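Here is a short tour of the model for anyone about to work with it. Have the viewer open and follow along, topic by topic.

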Amino acid sequence: MTPHLLVLHGPNLNLLGTREPHIYGHQTLADIDQHLAKLASELGARCTSFQSNHEGALVDRIQAAAHEQVHSIIINAGAYTHTSVAIRDALAALGVPIIEVHLSNVYQRETFRHHSYLSAIAKGVIVGLGAYGYEAALRYALSQ
Ligand code: DQA
C-alpha cells in the first residue's frame, strides 16, 4: 500500500511568503505543500497537507487520521507548539510517528518559543532549516 504522510500546519503558516520573510523565508505554504506532494510521489508515497488557524480544527484533523492509515505525521504547529496540550494529546492518542518541524531556529528566539508540548512525543524535531526541514522530515519518515 502507498504510504500516506500527513503534513499539518498550524496558525499563521498560511501567511508564509509575506509573513516576516527574514525569519520564515519567501516560499509560500502552497510552494512547500506542492514540493512535498511531488517529492512524496517520486519516492512512491502520498503526501497530503492541512493548515488551520484553529486548535480544534487541528485536533479534529488528527482524530480523523485514525481512520486513514497514516504512515507518519509531519507537524509545524506554529504557536500552538508552545501552548497546546490538546494537540499533543490528540497526537499521542493517534500513536503514529510524529516529526516536529519549525522553519526558524526557535532556540535563537524568545524564551517562550523554547518549550514545545510536542517534542516529548515526537520521533524527532527539526528546527532552523527553513522549508528544507519539511523535506528532510519527509525523507526521514519514508526511510522508516
Ligand atoms: C514556528 C515557530 C513558532 O514559534 C511560531 O509561533 C510559528 C512558526 C516556525 O516554523 O519557526 O508560527 O513554528
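In this predicted model, five strands make up an open sheet with parallel pairing, and their order across the sheet is β2-β1-β3-β4-β5. The edges belong to β2 (46-51) and β5 (124-127); each has a single partner strand, so one side of each has no neighbour in the sheet. From one strand to the next, the twist averages 20°.

**Inside the sheet**

- Strand β1 (residues 4-9) and strand β3 (residues 72-76) run parallel and are joined by five bridges.
- If you want a landmark on this pairing, look for Leu8, which stands opposite Ile75 in β3.

**A helix across the strands**

- Helix α3 (residues 55-64) lies across β1 and β2, and its direction is at about 170° to that of β1.
- Which residues of α3 are buried? They are Leu58, Val59, Arg61 and Ile62.
- Viewed down the axis of α3, these buried residues fall within an arc of 160°, so they line one face of the helix.
- A helix of the α type has 3.6 residues a turn, so residues three or four places apart point the same way.
- The cover over the buried residues of α3 includes β1, β2 and α4 (85-94).

**Around the ligand**

- The residues surrounding the ligand are Arg19, Tyr24, Asn76, Gly78, Ala79, His82, His102, Leu103, Ser104, Val106 and Arg113.
- Ser104 places a polar side-chain atom 2.6 Å from an oxygen atom of the ligand.
- For His102, an N or O atom in the side chain is 2.8 Å from an oxygen atom of the ligand.
- Ala79 takes part through its backbone, with an N or O atom there lying 3.2 Å from an oxygen atom of the ligand.

**A glycine in a loop**

- Gly95 sits in the loop between α4 and β4 (98-102).
- Is Gly95 buried or exposed? Its relative accessibility is 59%, and residues over 50% are classed as exposed, so Gly95 counts as exposed.
- Gly95 and Phe50 are separated by 45 residues in sequence, and their C-alpha atoms are 19 Å apart in space.

Technical notes:
Residues numbered from 1 in each chain as written. Predicted model: local features only at pLDDT ≥ 70, side-chain atom pairs only at ≥ 80, totals over all residues. Heavy atoms only, no water. Pairing = 2+ DSSP bridges. Helix = DSSP H or I, 4+ residues; strand = E, 2+ residues; numbered from the N terminus. Axes fitted to C-alpha atoms, helices over the stretch in contact; angles between N-to-C directions. Contact = heavy atoms within 4.5 Å. Buried < 20%, exposed > 50% of the residue type's maximum accessible area, 1.4 Å probe, protein only. Arc of directions from axis to C-beta. Near = heavy atom within 4 Å. Polar contact = N/O pair within 3.5 Å; in protein donor to acceptor, adjacent residues only side chain to side chain.
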